[in-house]
Amino acid sequence: MPFARLATATTPTCHIGLGLAAVGRPGYINLGREHDLGDDRSVETLRTRTHALLDAAYAQGVRYVDAARSYGRSEEFLADWLRARPDAADVVVGSKWGYTYTADWSTEAEQHEVKDHSLRTYERQRAETDGLLGDRLDLYQIHSVTPDSPALADKELHAKLAQAAAGGLTIGFSTSGPAQAEAIRAALAVTVDGEPLFRTVQSTYNLLETSAEPALAEAHDAGLTVIVKEGMANGRLSAAQAPEALRAVAEETSLGCDAVALAVILGRPWAGVVLSGAATTGQLASNLHAAAVDLDEEQLARLATLAEEPAAYWERRGQLPWH
């Protein structure tokens with residue numbers, strides 16, 4: 001598995017990855033984008049920003065980068081950077097299929113992405129991803145699997161994914177929504193010729209949304225690499241939005257709310273890679289301080305009180321506007 005390469009890395013930040021959702025397209029649901037990105041969100045401006053983030057991440061020990069077909073031009077930006085950085089051969093590259101980007105580089109689009117987990121979409125998007133990333137692609141994930149996703153029951157799709165796995169590509173899935181745990185357990189049961197199909201799972205987990213934890217622990221015990229996304233709850237745990245308990249603990253550590261929030265996840269024994277969704281190099285540097293945060297049991301207990309009911313969390317997330 002490509003993530004075995006991270007086990008040999010010596011930097012404390014090797015288990016923090018960089019997700020490109022916030023910089024591969026002009027519009028996203030993260031809070032604070034007006035301040036982070038400003039008004040100039042042209043293709044070239046965001047390409048330059050993405051490359052600066054990748055340069056900074058690599059220099060500070062980050063070795064996993066996460067993109068998706070629906071993240072605007074994220075794969076294109078990443079492919080450009082990889083060609084310009086032959087020294088970055090040790091970077092593990094992941095992407096996702098299952099959503100099509102439809103906003104045409106606008107923040108005002110009525111619909112920014114369309115979900116389709118059919119075999120036809122897989123084959124189309126796999127060809128698109130291969131055209132950009134080629135043999136640099138290590139991991140290909142089904143994007144946002146839910147318990148009712150047809151991808152969980154499509155045997156023809158499973159066979160195609162298993163064929164890709166036999167060719168050396170790691171196959172994974174991501175989850176979203178209040179029933180993440182159910183989706184994870186359903187995916188763990190998917191086999192081809194008696195062998196588990198999926199080798200990684202990427203799920204939302206943060207101080208406000210912890211409901212997937214038991215299922216993620218089960219996935220880890222089953223041998224999957226667990227990737228955690230949305231550790232900052234789409235900006236709700238940043239300094240400007242953070243609840244009082246997080247602010248207090250951050251002050252005690254003399255580090256940022258973001259570093260503390262991500263450190264809690266890094267401390268979970270089942271967490272293999274925790275994604276930073278930074279949109280600026282300053283945010284990235286602050287996020288990476290998570291590797292140095294040491295929280296005691298009393299601080300962890302205070303932070304644990306922040307967890308919300310999954311339905312309430314996902315309802316609020318669903319109301320976040322595309323900025």
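**Exercise 1. Find the handedness with which helix 10 passes helix 11, then describe their packing.**

Step 1. Helix 10 makes a right-handed crossing with helix 11; a crossing is right-handed if the near helix is turned clockwise from the far one by less than a right angle, and left-handed if anticlockwise. Helices here are DSSP runs of H or I with at least four residues, strands are runs of E with at least two, and both are numbered from the N terminus.

Before going on, note that this is a predicted model, in which local features need pLDDT of at least 70 and side-chain atom pairs count only at pLDDT 80 or more, while totals for chains, interfaces and linings use all residues. Residues are numbered from 1 along each chain as its sequence is written, and side-chain values use heavy atoms, with hydrogens and water left out.

Step 2. The two axes cross at roughly 50° and come within 7 Å. Axes are lines fitted to C-alpha atoms, for helices over the stretch in contact, and angles run from 0 to 180 degrees between N-to-C directions.

Step 3. Helix 10 and helix 11 are therefore oblique to each other. Angles under 35 degrees count as roughly parallel, over 145 as roughly antiparallel, 65 to 115 as roughly perpendicular, and the rest as oblique.

Step 4. On the helix 10 side, D258, A259 and L262 meet Q283, S286 and N287 of helix 11; contact means heavy atoms within 4.5 Å.

Step 5. Sorted by class, this contact has two nonpolar, three polar and one charged residues. Ala, Val, Leu, Ile, Met, Phe, Trp, Tyr, Cys and Pro count as nonpolar, Asp, Glu, Lys and Arg as charged, and the others, Gly among them, as polar.

**Exercise 2. Describe how helix 4 packs against helix 3 and against helix 5.**

Step 1. Helix 3 (residues 43-59) and helix 4 (residues 74-84) have axes 10 Å apart, at an angle of about 55°. They are therefore oblique to each other, and helix 3 passes helix 4 in a right-handed crossing.

Step 2. Residues making this contact include L46, L54 and Y58 of helix 3 and F77, L78 and W81 of helix 4. The contact residues divide into seven nonpolar, two polar and four charged.

Step 3. With helix 5 (residues 119-133), helix 4 crosses at roughly 25°, the axes coming within 8 Å. That makes the pair roughly parallel.

Step 4. Here E75, E76, L78, A79, L82 and R83 of helix 4 meet T129, L132 and L133 of helix 5. This contact has five nonpolar, one polar and three charged residues.

**Exercise 3. Which residues have a positive phi without being glycine?**

Step 1. Recall the background: most residues other than glycine have a negative phi.

Step 2. W105 has a phi near 60°, and W105 lies in the loop between strand 4 (99-101) and strand 5.

Step 3. E230 has a phi near 55°, and E230 is in the loop between strand 11 (225-229) and helix 9 (244-253).

**Exercise 4. Which residues does T280 contact beyond its neighbours within four places in sequence?**

Step 1. Locate T280 in the loop between strand 12 and helix 11.

Step 2. Leaving those neighbours aside, T280 is in contact with D36, R49 and L53.

Step 3. The C-alpha atoms of T280 and G38 are separated by 11 Å, though the two residues are 242 residues apart along the chain.
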